[in-house]
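Let me put the structure up, and then I'll talk you through how some of its pieces pack.

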Amino acid sequence: MNSDMVYIALGSQDALKRVMDIYMPMVSRISYRILCDRPESEEVTREVFIDVWRNASSFDGRYSLSAWLCRITCNLCFRRLRMRHFMEIFSSRQYVYEYSAPLAESPEDDFITKETWAIFCRASQVLTSRQRAVFTLMELEGLSFEDTAAATGLTLAQVDIDLQVARKYIRKELERYGKVR
C-alpha cells in the first residue's frame with residue numbers, strides 16, 4: 001500500500017498535498033479530455049481529491065495509485081456525462097463542447113493544435129463515454145491495458161474492443177478533415 005495513502009487515511013494534509021502535486025496534472029488532463037469542458041474538468045479534479053481525502057482508507061493497493069485515481073476520475077466524468085445528457089433532454093438549447101486545445105509545442109503550431117483538438121472533440125461526442133475514456137487513457141495518457149481496465153472497471157477484452165472502435169472513428173474523422181493520411 002502506498003505510504004502517502006496510509007498517512008492521508010490518518011489525516012495528513014501534507015501527504016494529500018504530495019499526492020496532489022504528483023497526480024493532479026494527470027487527473028486534470030484525463031477529466032478534460034473526457035469531458036471537453038474546462039469548468040467541469042476543474043470541478044471533477046477537485047472532486048477526485050476530495051474523494052481521495054474521504055476514502056483513503058479504502059485504497060487497498062491491489063492496483064497502482066494512478067489506476068485508482070484514474071478510476072475515480074472516470075467514474076466522476078461518466079456521472080457528469082450522464083447528467084449532461086439528462087440536462088440536454090430538458091434544455092431548449094443544445095449543449096456545445098468548449099473547444100480548447102492542449103498546449104502547442106510552439107506558437108506556430110497553436111492554430112493547428114487547436115483545430116485538431118476541435119475535430120477530436122466533435123468526433124468524440126459520437127463515441128460512448130466508455131470508448132472516450134479508453135481512448136483518452138490509452139492513446140492520450142499512455143496507460144497500459146491493465147491500468148485502463150482497472151481505471152474503468154472494464155475487462156481487458158472490453159478495453160480492446162472500445163479502443164479499436166474509438167481509434168477507427170477518430171482516425172476516420174481526422175482523415176476527413178485532412179489531419180492524417
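Predicted model: local features only at pLDDT ≥ 70, side-chain atom pairs only at ≥ 80, totals over all residues.

Nonpolar side chains tend to be buried together in soluble globular proteins. Here, the largest nonpolar core is made of 31 residues. Met5, Ile8, Val48, Val52, Leu65, Trp68 and Leu69 have the most contacts inside that core. And where do they all come from? Two or more residues each are given by H1 (3–9), H2 (13–35), H3 (38–55), H4 (65–90) and H6 (129–140). H4 supplies the largest share, with 10 residues.

Take methionine 5 as an example. If you ignore neighbours within four places in sequence, methionine 5 touches Val52, Ala56, Phe59, Leu65 and Trp68. There's also a second, separate core, of 18 residues, and among its members are Cys36, Val134, Phe135 and Met138. Hold on to that cysteine for a minute.

Next, H2 against H3. Packed helices get described by the angle and the distance between their axes. For H2 and H3, the axes come within 8 Å and cross at roughly 145°, and the crossing is right-handed. On the H2 side, the contact runs through residues including Leu16, Met20, Tyr23, Val27 and Leu35. On the H3 side you've got, among others, Val44, Val48, Phe49, Val52 and Trp53. Sorted by type, the contact residues are 13 nonpolar, 5 polar and 2 charged.

Now back to cysteine 36, which sits in the loop between H2 and H3. Cysteine 36 isn't a glycine, yet its phi is positive, about 55°. And is cysteine 36 buried or exposed? Its relative accessibility is 0%, so it counts as buried.

Last pair: H7 (residues 145–152) and H8 (residues 156–176). Their axes come within 9 Å and cross at roughly 100°, so H7 and H8 are roughly perpendicular to each other. H7 brings Phe145, Glu146, Thr148, Ala149 and Thr152 to the contact, and H8 brings Leu156, Val159, Asp160 and Leu163. By type, that's 5 nonpolar, 2 polar and 2 charged.

How values were computed:
Residues numbered from 1 in each chain as written. Heavy atoms only, no water. Axes fitted to C-alpha atoms, helices over the stretch in contact; angles between N-to-C directions. Helix = DSSP H or I, 4+ residues; strand = E, 2+ residues; numbered from the N terminus. Parallel < 35°, antiparallel > 145°, perpendicular 65-115°, else oblique. Contact = heavy atoms within 4.5 Å. Nonpolar A, V, L, I, M, F, W, Y, C, P; charged D, E, K, R; others polar. Core = buried A, V, L, I, M, F, W, Y, C linked by side-chain atoms within 4.5 Å. Buried < 20%, exposed > 50% of the residue type's maximum accessible area, 1.4 Å probe, protein only. Left-handed = near helix turned anticlockwise from the far one by under 90°.
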